[in-house]
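This report is for a reader meeting the structure for the first time. Please look over the sequence and the model before reading on.

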Amino acid sequence: MSDTHAQSVAFVRETAIPPAAPPSTAAGPVKWVRDNLFPTWANALLTVAALYVIWLVLSSTLPWILGGIWNTNSLAACREILDGRSAACFSVLTERWHQLLYGFKYPSELYWRPNLALLLLFFAAAPVLFFDLPRKLLIFTGLYPFIAYWLIWGGTILAPLVALAGFIAGYLVYARLVKASFAKGFLGGIAAAVIVWGIGGYLIPEGASDRAMLEAIPSRDLGGFMLNLMLGVTCVSLSLPIGIALALGRQSHLPLIKGICVVFIEFIRGVPLITLLFVASVMLAYFFPPESTVDLFLRVVIMITMFSSAYIAEVIRGGLAALPKGQNEAADSLGLDYAQAIRLIILPQALKISIPGIVNIAVGLFKDTTLVSVISLFDIVGMIRGPILASTDWNGVYWELLMFASVLFFVVCYGISQYSQWLERRLATDHR
Amino acid sequence: MNKSMIFGALTVAGLAAGAAGAATLDDVKARGTLNCGVTTGLIGFAAPDANGEWKGFDVAVCRAVAAAVLGDATAVEFVPTTGKTRFTALASGEIDVLARNTTWTFSRDVDLKFDFIGVNYYDGQGFMVPKALGVSSAKDLDGATVCIQTGTTTELNLADFFRVNNISYEPVPIETNAEAQQQYLAGACDVYTTDASGLAATRAAFENPGDHVLLPEIVSKEPLGPLVRHGDSEWGDVVRWTLNALIAAEELGVSSANVGEMASSTNNPEIARLLGTEGELGAMLGLDADWAKRAIETQGNYGEIFATNIGEDTPIGLARGLNAQWTDGGLLYSPPFR
């Protein structure tokens, strides 16, 4: 072609051809489908099989859900409307939703109180969960337990105030004495708190709760999903610090502290939670005189907290063990004392490693709160199994109720898990 | 836990047992409420309604006692108990009376140290099978899988029945009646057995009740009644005679509608003694004269309680059967009020 001249060529393109759209098989949805759903014969078969299964599931459940009846007041009436058709009777939810959420004894005109407590929980938890927020918000977090107690249980405001005063007095004494020695500060703080509580309890007049601003609600009247949330939040937030203390105690050089922590952890981990709950509800009643029984809610909280703190302690011990010994030695060489080294060097790293394990236990613990239904507390599962299914109107409705409970639990647990993933990304210091 | 704590706890437990043994009646009056143990939910017998009010056949007994003792049928603290926690709740003093369709048996009365104060429902254990199974007698159930509630007398009766008839079965243990219903409908067991009243109520809730039959055999006696702790006969008497008052009221034709009129204008001396216009019966119990009148006024007589909660006009639809008055061929027979 060396003798080919420009003049001898009939047409010479002087501009670039405008880019054509890629063929439909190489881009866009068709390509995505081919690459992801039908890349090989085997995968294509699997895709078809999976689609068939999905269709099978949806074709039976969707009409059942979408055709659901929402406005009858008994199962019999609902079945009459359905007239042999298979569809859900969601009217049990519209009629009994308040019982599923709050239990059957919480007065309905007071539902705003737990609602407000839940709303405030988000504000109180925010500075703990998202540490970019201003640290001053933590003051509200510190006050929140007392506000929530007062809102949910009602009664005299003096009780939470005295409790708060005890904590403040304990902290002040601790802050003053801790410079001399930690043990002195610790014991002094506890003594001060106990003294304030004792005096305060003596000062609260008899029957103060009867004419209080918020009507007092006994623990027995709490129930529904509210009870699950309360148990979950209280026990997780209590068991985390106790778990850290146990994990550190287990590594202590003092044989007494180490022994107590090891025995506690191993004993609690060796006993099923349901056994502890039975002990809380049945056995403890024998040890107290009939008139002075400790509140059942409190007994359950103590048992679940003990249980989960033993597990959290082991998770954190795993985090501590993962740290190289050099971290401790570096802290020593900087001249930090034990408390400083733990607070500034060891725990931040160990806790970061332990996040997935802690979240795992928190999610498991939250779901375990439904076990309280076996000791005749009416949490959401207890409400479903007991009063609602035993009412003449709704005897025989299962799927709708249990689906509702699963949706509630799923929302909360998925939220916890998403938060922990965000936290891990936020704290990631390894450079990948 | 160190030693002194254990001893301390034991001492407290001892004191508690001692305290619980003393006058329950005074405790209830001082407290102003009656602590009554009920089920966590059994259709027709005890369950809270949409407003959270406890309703049912056993609940009515609690309310009648509260009306008699405290003058207020609503002054009852209902303590829900499961089949496993009910006896400890009563023994530990957490509740004053247990009205939880509990079968009166020798060992519960003697060995567990409770006093059954009477029978408010005569029941017996029956079997329910799907019609499609084609079984007409419980003796044909050789090799069947049976749904059975654990921790109840029905479990033991079932074993006895199959042993006596020399046939085999496979138990499927379940916890609550609601669970049993679903297991049975899902085909996890061929047979569901529990008290006949429970079977009738369960079947009534099915979508197609006609597809299931109750077998004719009743394999046990299940006298269900309220119970109190041993060792406090005064309190036992109060509960016993409140129940008897409800039964006697039906026999004597006293109902919630006419009790006021009866009290003022009756010529029948027994009605007058029952309603406190004659004699000193209330004072003998440590109550006022109107105790029985209040119980009947608020709850109705036995027949009314039966009809509103579990009778033939309710979805449960139980016939009176053994629970009719002795004058109608049943077993209900109150000792005379004299």
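## Basis of the model

This is a predicted model, in which local features need pLDDT of at least 70 and side-chain atom pairs count only at pLDDT 80 or more, while totals for chains, interfaces and linings use all residues. Residues are numbered from 1 along each chain as its sequence is written, and chains are lettered from A and ligands numbered from 1 in the order in which they are written.

## The two chains

Chain A holds 16 helices and zero strands; helices (H or I, at least four residues) and strands (E, at least two) are DSSP runs, numbered from the N terminus. Its radius of gyration is 30 Å, well over the 22 Å that the globule rule gives for 432 residues, so chain A is more spread out than a compact globule. That radius is taken over C-alpha atoms, and the rule is 2.2 Å times the number of residues to the power 0.38. The C-alpha trace of chain A spans about 115 × 80 × 40 Å along its principal axes. Of its 432 residues, 29% count as buried. A residue is buried if 20 or more other C-beta atoms lie within 10 Å of its own, exposed if 12 or fewer, and partly exposed in between, with C-beta atoms placed from the backbone.

Chain B has 14 helices and 13 strands. The C-alpha trace of chain B spans about 65 × 60 × 40 Å along its principal axes, and 49% of the 338 residues count as buried.

## Helix 4 of chain A

Helix 4 of chain A (residues 91–102) has twelve residues and reaches 18 Å from its first C-alpha to its last, close to the 16 Å expected at 1.5 Å a residue. The expected span is 1.5 Å times one less than the number of residues. Among its buried residues are Val92(A), Arg96(A), Leu100(A) and Tyr102(A). Their cover includes helix 3 (75–82), helix 5 (112–129), helix 9 (224–250), helix 15 (380–388) and helix 16 (399–427) of chain A. Gly103(A), with a positive phi near 85°, follows helix 4 of chain A.

## A loop glycine

Gly68(A) sits in the loop between helix 2 (41–66) and helix 3 of chain A. With 16 other C-beta atoms within 10 Å, Gly68(A) is partly exposed. Leaving aside residues up to four places away in sequence, Gly68(A) touches Ala87(A), Ala88(A), Cys89(A) and Phe90(A); two residues are in contact if their C-beta atoms, placed from the backbone, lie within 7 Å.

## Where the chains meet

In chain A, 28 residues are in contact with 35 residues of chain B. Helix 3, helix 4, helix 11 (273–287) and helix 15 of chain A each give two or more residues to this side. The largest share, five residues, comes from helix 11 of chain A. By class, the side of chain A that touches chain B has 15 nonpolar, eight polar and five charged residues. Here Ala, Val, Leu, Ile, Met, Phe, Trp, Tyr, Cys and Pro count as nonpolar, Asp, Glu, Lys and Arg as charged, and the others, Gly among them, as polar.

## A helix pair in chain B

Helix 9 (residues 233–252) and helix 13 (residues 291–299) of chain B pack at an angle of about 65°, with their axes 10 Å apart. Axes are lines fitted to C-alpha atoms, for helices over the stretch in contact, and angles run from 0 to 180 degrees between N-to-C directions. Thr242(B), Ala245(B), Leu246(B) and Ala249(B) of helix 9 of chain B make the contact with Ala292(B), Ala295(B), Ile296(B) and Gln299(B) of helix 13 of chain B. By class, this contact has six nonpolar, two polar and no charged residues.
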